[in-house]
Amino acid sequence: VSVIAPTAQEADAASTSMCVLGRSRGLEVLSALDGFDALFLSRVDHEKSLEETPINYSVTDGFAQGIR
């Protein structure tokens with residue numbers, strides 16, 4: 001999880017929270033906060049090696065606009 005936030009401390013706390021909450025709930029909570037955006041990456045198949053499995057990603061709207 002990569003989080004953009006007003007401060008480094010807030011980004012760190014938000015990133016940790018997103019890992020605990022999981023992708024769906026974490027992005028839902030983070031999207032409701034002003035000044036916070038995130039990129040969440042996860043493997044599709046944990047049985048395969050990193051080289052053999054695709055990566056799923058989800059982003060908040062603000063993060064998506066910032067990386068274009």
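From the N terminus on, the elements run β-α-α-β-β-α, with helices (H or I, at least four residues) and strands (E, at least two) taken as DSSP runs numbered from the N terminus. The model is predicted, so local features need pLDDT of at least 70 and side-chain atom pairs pLDDT 80 or more, whereas totals for chains, interfaces and linings use all residues. Residues are numbered from 1 along each chain as its sequence is written, and side-chain values use heavy atoms, without hydrogens and water.

**Exercise 1.** Locate A38 and determine whether A38 is buried or exposed.

*Solution.* 
1. A38 lies in strand β2, residues 37-43.
2. A38 counts as buried because its relative accessibility is 0%; buried means under 20% relative accessible area, exposed over 50%, partly exposed in between (1.4 Å probe, protein chains only).

**Exercise 2.** Identify the contacts of A38 beyond four places in sequence.

*Solution.* 
1. Contact means heavy atoms within 4.5 Å.
2. With neighbours within four places left aside, A38 contacts S2, V3, M18, L27, L30, S58, V59, T60 and F63.
3. By the corresponding count, L27 touches M18, G22, A38, S58 and T60.

**Exercise 3.** Describe the largest nonpolar core.

*Solution.* 
1. A nonpolar core is a set of buried Ala, Val, Leu, Ile, Met, Phe, Trp, Tyr and Cys residues joined through side-chain atoms within 4.5 Å.
2. The largest has 10 residues: V3, A5, A11, A14, M18, L27, L30, F36, A38 and F40.
3. At least two residues come from each of α1 (8-21), α2 (23-31) and β2; α1 gives the most, with 3 residues.
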